[in-house]
Amino acid sequence: MRRTQASVIFGRVTLLLFLATVLVPLLWVYISGFKSGDEILGDPWGLPKSPSLRNFEVAWGSKQYGIAPYFVNTIIACVGTLLILLPVGAMAAYVFAKYPFKGSKLLFTTFLGGMMFPNFLVIVPLYLLLKSIPFMDQPQGLTGTLPGLILVYVAYSLSFTIFVLTGFFQSTPNELAEAAMLDGCGHLATFGKVMLPLVKPGIVVVGIFNAIGLWNEFSLALVLFNQGEKRTLALAIQDMATAQQYQSDWGALFGGLVIVTLPIMLVYLMFKDRIQEAMLAGAIKG
Amino acid sequence: MATGAVEKKARLKRSAFVVGFLAPATLVYSLFVLWPLLQTFQLGFYRWKGLSKKRTYIGLENFQSLASDENYRGALTNNLALLVFGGLTLVFLGVGIAHALADKSRIAKVTRALYLFPHVASAVVAAIIWSFLVNPSFGLIAKGGKSMGLPIPVDGILATAPWAKATVFAAFVWHALGFFVMLFSAGIESLDREIIEASELDGSSGMNRFWNITWPMLWPLKRVAAVYAVSNVMNLFVIVFVLTQGGPDGATESLLRYLWQKNYDGVFGYVAAMGAVNLVIALLLAGVALLAVGPNPERGRKTGSALTGGAA
């Protein structure tokens, strides 16, 4: 390296400042989660004098604004979506990668189109559509139900999922599929027994990436799943942030924020490289 | 004859497989993504209020009222300003930080491990954290800034137009920057080592090398970044929704936040028209952003013009 001394120092100072702007607000939230309400108000910069878990307990389980039920809702929404999304997306991606037909390029492009447009633009027709689909005799149809939310999440996650998985299927050798077919495997068995296991890393990448996106999702849930108990964590914490302005239990709010972000932080630390891989795959599509 | 029949059967099986495997995805996507999108464009031509079933065709009336809607124009101006200032900030900070990250020092290693936190923690969390930071009674910035002698407004940061704008801007950049750093980091890693090393042997200095070699070679990523900047700005909703609700007095209103409010007013035809226009604007802006990045400097003459042409 022949970088000049000045440019090296400049680079490191830049990184230090960047790291500080990233970490200071987050650390402040996490540290404040252990403080009492009085300490938060009286000494915003200080460390907790007697760290307690009281804030987390209130944020998690209190009757008034405990987020436990929303935590469960969000897990169901994430897991349910992935259980449908991954097989459905992998099936379509496999066909796009290995079974070209007249119009398959056009269909593929149509799927990709969904990656860029803000889904918030279509909320009115989407809401009315969901409301018009009958579900268990509910007057609101599929709105305000987890199955409705999951279906919509699947639909709006398909573009990215199909795009990335098609790339993974394209990089598998055709010879393997051909050999399996010669051995008497049908199309279905070739897919399930031979090809799908080959793209397992791809399934993991899109699975993790979608899980984070769904955990954080706000706009669609705001419109489609926002009735009393039936809400997701992102909505609940937002609501807590506004409601708390009147309750003034700031400690609980910081505690809630820690609970919401902690799973994401852990997943991120564990799968950092995979997540970056997925984000880049989605971004650099030319 | 027999082989023909076998072949026909095989082809039929193949077609059945293709249709069967594409059907679930196509069905869900058409119903929940394409159909509402088409309806958005169609509903824009109707007057349709609240819960009534009656829709009246009114031609371009919604679009005409939109053109003279002061609030919509204000929101559009805010989005455009954020695109220009926020977009430039994201691209230049992104490239600069990515450049500094391509280093073996410990600080670079630690930064690489942590810098995406604000991005993966989501826009809602970013917005709430920033609303805390500027909270008059305990905010790190509001209270800390005051004790450090900064002229923090007495009415509160979010109640004072320029400060509220600055907060929305800060939260937006704080949340989005990691993604741009990651994008350019990947670009810098993929650059041709030989060219860079050759220029090192030529003895060109760090700054020169960056402007003459690295910056022009990042062209494809600048295009991706430009499109993403447009997409991020046109998607701006949660941050405004949580921080300011568009206030004070519309100072921080964004296109989607305004659409949401109109939705509450129950003027669904008008909201649909707004959605359709927003989409067209987003596409146009993406085109403009790509033009601003300029043509590929690798084709045609090397460097020179790319230095100024790359400001997107």
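Where in chain B is the place of B:Ser122?

1. B:Ser122 sits in the loop between helix H5 (117-120) and helix H6 (123-133) of chain B. Though not a glycine, B:Ser122 has a positive phi of about 85°. Its relative accessibility is 5%, so B:Ser122 counts as buried (buried is under 20% relative accessible area, exposed over 50%, and partly exposed in between, with a 1.4 Å probe and protein chains only).

2. A word on the basis of these notes: this is a predicted model, in which local features need pLDDT of at least 70 and side-chain atom pairs count only at pLDDT 80 or more, while totals for chains, interfaces and linings use all residues. Residues are numbered from 1 along each chain as its sequence is written, chains are lettered from A and ligands numbered from 1 in the order in which they are written, and side-chain values use heavy atoms, with hydrogens and water left out.

3. B:Gln245 is another residue to look at. It is not a glycine, yet B:Gln245 has a positive phi of about 55°. You will find B:Gln245 in the loop between helix H12 (238-243) and helix H13 (255-264) of chain B. With a relative accessible area of 38%, B:Gln245 is partly exposed.

4. Now for chain B as a whole. Its secondary structure comes to 15 helices and two strands (DSSP runs numbered from the N terminus: H or I of at least four residues for helices, E of at least two for strands). Of the 312 residues in chain B, 54% are buried.

5. The C-alpha trace of chain B spans about 75 × 70 × 35 Å along its principal axes. Chain B has a radius of gyration of 25 Å, whereas a compact globule of 312 residues would have one near 20 Å (taken over C-alpha atoms; the globule rule is 2.2 Å times the number of residues to the power 0.38).

6. The axes of H5 (residues 104-113) and H7 (residues 146-170) of chain A come within 7 Å and cross at roughly 130° (axes are lines fitted to C-alpha atoms, for helices over the stretch in contact, and angles run from 0 to 180 degrees between N-to-C directions). H5(A) and H7(A) are therefore oblique to each other (angles under 35 degrees count as roughly parallel, over 145 as roughly antiparallel, 65 to 115 as roughly perpendicular and the rest as oblique).
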